[in-house]
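Here is a short note for a colleague who has not seen this structure before. Please read it with the model open.

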Amino acid sequence: MSVIRPELTWLGGAFRDGAQVHIEGDRIAAVVPADDEPTHPGMALLPGFVNAHSHAFQLDLRGRGEVFPSSVESFWTWREAMYELVESRSPDEVAEIAWRCFMEMRGVGITSVGEFHYLHHADPEARDFAMDAAVLEAAQMAGIRIVLLQAAYTHGGFGSPLSGGQRHFDTGDLDTWVASLEAAQRACDAQTQSVGAVVHSLRAVDIEQAVAIRAEASRRGMVLHAHLEEQPAEIEACREAHGCTPMHLVNTRLSPGSDMTLVHCTHTDGADMAAYAASGGRVCLCPLTEANLGDGISDLPGMLAGGVEVSLGTDSNARISMLEEMRMAELGQRLSLQRRGVCLDAQGRVDATLMDMATVNGAGGLGLDAGVIAPGMLADLQLVDLDCGGLASVDQDDLGAAIILGSGDDLIVDSCVGGVWLSEMCEAL
Ligand SMILES: [Zn+2]
């Protein structure tokens, strides 16, 4: 058993002093009053960040597609640059990109990632699923906990076939996708890796297969994720194909519930969202990516008012920082609504709500016992230097907001996954 006595500990949505945390194996065994001087003076212990939505390979698009020769660049032209990338990468290269991406996540306090994985094939003709094991190996090497969200992808759009780079994503019929899901499960390290089900989007998977995938996820006790309503064009195309919005299809055909996470919901209709919220369904926002791609700003206040558990993801990984994701989630809304204080809790504070979005809400959406410092939870933690970035003069009650709204990632000095600290891992290399 190991014991950590930090100066402060994030417990119950606030920093508390005088606590010590016992770790046994890969779990937190106890949180009790400290019986000695801090083992980590000047440091605060927080749950590790849970990055609920990532496409690791897109790290290699960082800085690319940021030159705009015409005035009509959009999400859809960015997508063409992404397709060019996937045509030219081997499994070894994807593993290397993913490893760099996951190491960068570890360095900024991310201890779990929901890797929304749709780049499956090196050879699209052979449908080799060679990239699946490559991503799992990269996560293992980086020591990050991963939920491989195994994405079904069968269409280029509502009713249209796959083309070009999209063929690297092709999962074919339901049986082929199920076989790939089971192969990924067999390749997982039982301690730190698991698999979830994914419908890439309702434009990339026809509704009948989406219904079947939903049933498979329920039968297997897996979480189910999908992209939804990031762009108005997706909604318009769905209206043409089905006579309703994608969210209406989810609500009427896919039995939403707390095991479901829909990513983006940027342009979701209020009544659709209210129905989804009533089911217990979750939403993942990716504020930095949504800003980069010019998607728009979601109705986050409406989601929170409806009781939706909102999580955060780094998505395209153009920038990897959960502090900045939290900041953009709050400040983007302030700009849009022209008022201050959006992600509020009952006490009128923003820090607890934003921290929940970056930790426990993501863990819930990934089916992980993580994101909270409490007995029985996974020992996925991070340490923050309270002498860094001008925090030394901040009152304890204001520290959460100072870290989220006013600090850089350099204050995050270490993180552990299942009780194994990154600093120890790096020393052992
Ligand atoms: Zn995404």
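What share of the contacts in the chain with a separation of 6 or more comes from residues 24 or more positions apart? The points below begin with that.

1. **Contacts along the chain.** Residues 24 or more positions apart account for 75% of those contacts. Two residues are in contact if their C-beta atoms, placed from the backbone, lie within 7 Å.

2. **Basis.** This is a predicted model; local features need pLDDT of at least 70, side-chain atom pairs count only at pLDDT 80 or more, and totals for chains, interfaces and linings use all residues. Residues are numbered from 1 along each chain as its sequence is written.

3. **Overall build.** The chain has 15 helices and 17 strands. Both are DSSP runs, numbered from the N terminus: helices are H or I with at least four residues, strands are E with at least two. The radius of gyration is 21 Å, close to the 22 Å that the globule rule gives for 429 residues, so the chain is as compact as a globular protein of that length. That radius is taken over C-alpha atoms, and the rule is 2.2 Å times the number of residues to the power 0.38. The C-alpha atoms fill a box of roughly 65 × 50 × 45 Å along the principal axes.

4. **Burial.** Of the 429 residues, 50% count as buried. A residue is buried if 20 or more other C-beta atoms, placed from the backbone, lie within 10 Å of its own; it is exposed at 12 or fewer, and partly exposed in between.

5. **Two domains.** Domain 1 covers 2-47 + 373-428, and domain 2 covers 49-366. These bounds come from an automatic or database domain assignment. The C-alpha centres of the two domains lie 28 Å apart. Across the boundary, 20 residues of domain 1 are in contact with 22 residues of domain 2. On the domain 1 side, helix 14 (399-406), strand 16 (412-417) and helix 15 (422-428) each give two or more residues. Helix 14 gives the largest share, four residues.

6. **Core.** The largest nonpolar core has 124 residues, and A98 and F102 have the most contacts inside it. Such a core is a set of buried Ala, Val, Leu, Ile, Met, Phe, Trp, Tyr and Cys residues joined through C-beta atoms within 7 Å. Helix 2 (residues 91-107) gives the largest share, eight residues. Leaving aside neighbours within four places in sequence, A98 is in contact with A56, F57, A134, V135 and A138.

7. Six strands line up in the order 3-2-6-15-16-17, with mixed pairing. Two strands pair if DSSP finds at least two bridges between them. Strand 3 (14-17) and strand 17 (420-421) each have a single partner, so one side of each is left without a neighbour in the sheet. Strand 2 (residues 6-11) and strand 3 are antiparallel, over four bridges. W10 stands opposite F15 in strand 3.

8. **Strand 8.** Eight of the eight residues of strand 8 (residues 110-117) are buried, so this strand is largely enclosed by the rest of the structure. Four bridges join strand 8 to strand 7 (residues 49-54), in parallel. Six bridges join strand 8 to strand 9 (residues 145-152), also in the parallel sense. H117 stands opposite Q150 in strand 9.

9. **A184.** This residue is found in helix 4 (residues 174-187). A184 is buried, with 23 other C-beta atoms within 10 Å. Beyond its neighbours within four places in sequence, A184 is in contact with D132, L148, Q150 and V195. A184 and Q150 are 34 residues apart in sequence and 8.1 Å apart in space, C-alpha to C-alpha.
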